[in-house]
Each structure stands twice: as structure tokens, then as C-alpha cells.
Amino acid sequence: PEAIPDDEIDSLRKLIQSTSGYISHPYLRQGMFVRVVDGLLEGIRGRLIRQAGHCRLVLSVMLIQRSVSIEIEADSVVPV
């Protein structure tokens with residue numbers, strides 16, 4: 001196990017105590033395999049290619065030995 005730096009703990013405390021709304025998302029990074037959990041593409045798996053703005057992701061999805069890129073909301077996918 002690795003110790004969490006004090007400044008990160010302080011940042012989390014400030015966020016929790018603030019009146020600003022926040023939404024928790026799973027940790028996602030480029031190259032990860034993800035599964036779509038919402039919308040018309042629910043159940044499809046792909047690889048996260050890049051972040052396309054604040055809350056949008058570009059996924060590469062393999063369909064019949066063809067790769068297509070789609071843009072999707074970040075809260076619509078979870079890590080596999």
C-alpha cells in the first residue's frame with residue numbers, strides 16, 4: 001500500500017465540505033477497456049482513445065474486424 005499525500009486528502013475534504021455539486025466518476029485513462037452502461041450502445045465494449053472535452057470520451061469499438069470511433073459521455077462508461 002502507498003500513503004496518500006496530505007495535500008490530496010485536504011483537497012478531498014474541501015470538496016466534500018463545499019456547497020458546490022460534484023459527480024463521482026470511475027477513474028478512466030487512455031488505453032483502458034471500457035463498457036458502455038447507458039443509452040443505445042449499452043453493453044458495447046471498446047478502448048478509450050482520448051478525452052474529447054470536459055465529459056466526453058472517444059472510444060474505439062471493434063465490429064466485424066473493423067474499428068470505428070464514437071464520442072460518448074464519460075458517465076456512460078465503466079472500466080472493464
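Among the contacts in the protein chain with a separation of 6 or more, 33% are accounted for by residues 24 or more positions apart, a contact being heavy atoms within 4.5 Å. The model is predicted: local features need pLDDT of at least 70 and side-chain atom pairs count only at pLDDT 80 or more, whereas totals for chains, interfaces and linings use all residues. Residues are numbered from 1 along each chain as its sequence is written, and side-chain values use heavy atoms, with hydrogens and water left out.

The protein chain has one helix and five strands, in the order α-β-β-β-β-β along the sequence; these are DSSP runs numbered from the N terminus (helices H or I, at least four residues; strands E, at least two).

Strand β1 (residues 33–36) pairs with two others. Three bridges link β1 to strand β2 (residues 45–51) in the antiparallel sense, and R35 has R45 in β2 as its bridge partner. Strand β5 (residues 77–79) also runs antiparallel to β1, again over three bridges, with V34 opposite P79. Pairing requires that DSSP find at least two bridges between the strands. In a regular strand, side chains alternate between the two faces of the sheet. In β1, V34 and V36 lie on the covered face, while F33 and R35 lie on the uncovered one.

L15, in helix α1 (residues 6–17), is partly exposed, with a relative accessible area of 37%.

Notes: Buried means under 20% relative accessible area, exposed over 50%, partly exposed in between (1.4 Å probe, protein chains only).
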